[in-house]
Amino acid sequence: MVEVDDNLKLQMNNFMVSTVSQGDIMTLDQKIYETVDSIKALKTKREFMLSFASDPYGFVNKWLISQSRDLKVMMNIEGDPEEERKADFYQKDWLKEGSADIFMPRFSNAEQNWNEISELDS
């Protein structure tokens with residue numbers, strides 16, 4: 001077997017040894033890391049959306065259970081899962097007040113925006 005000089009191999013070796021190219025390698029390595037991280041985030045988001053699309057009711061139900069459990073752990077609260085499973089638990093005054101605080105500003109802005117649009121059409 002006869003060995004032939006490979007110019008590309010020589011150029012690659014010189015590139016790897018060069019201190020200038022080390023900075024380029026580090027920059028490219030960082031870009032690869034960021035790209036892989038972005039791909040992972042997009043994959044997680046896609047799985048989230050597919051799960052919601054395939055069974056919206058079940059997804060929201062599981063999500064609410066998970067959020068409730070996380071809140072109890074963070075606040076060090078012990079609740080009664082059997083009571084929380086029943087509809088009466090969610091008809092209490094504190095829930096209605098909280099819902100109003102969340103949704104009313106959104107609806108009032110929507111009505112105001114609708115009125116502004118209607119005036120423009122006139």
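Reply: Accessible areas here come from the Shrake-Rupley method with a 1.4 Å probe. On that basis, this predicted model exposes about 11,700 Å², of which carbon and sulfur atoms supply 60%. Of the protein's 122 residues, 5% count as buried. There are five helices and zero strands, so that the elements run α-α-α-α-α from the N terminus on.

H3 has 20 residues and reaches 28 Å from its first C-alpha to its last, close to the 28 Å expected at 1.5 Å a residue. Within H3, the residues Gly58, Phe59 and Lys72 are buried. Seen down the axis of H3, the buried residues fall within an arc of 165°, and therefore they line one face of the helix. An α-helix has 3.6 residues a turn, so residues three or four places apart point the same way. On the other side of H3, the residues Tyr57, Met74 and Met75 are exposed.

The patch covers about 370 Å² and is made by Phe52, Val60, Trp63 and Leu64. Val60 lies in H3. Because its relative accessible area is 35%, Val60 counts as partly exposed; buried would require a value under 20%, and exposed one over 50%.

After H3 comes Asn76, whose phi is positive, near 55°.

Terms used: Residues numbered from 1 in each chain as written. Predicted model: local features only at pLDDT ≥ 70, side-chain atom pairs only at ≥ 80, totals over all residues. Heavy atoms only, no water. Patch = residues over 30% accessible without salt bridge, like charges linked within 9 Å, V, L, I, M, F, W, Y side chains within 5 Å. Salt bridge = Lys/Arg side-chain N within 4 Å of Asp/Glu carboxyl O. Helix = DSSP H or I, 4+ residues; strand = E, 2+ residues; numbered from the N terminus. Buried < 20%, exposed > 50% of the residue type's maximum accessible area, 1.4 Å probe, protein only. Expected span 1.5 Å × (residues − 1). Arc of directions from axis to C-beta.
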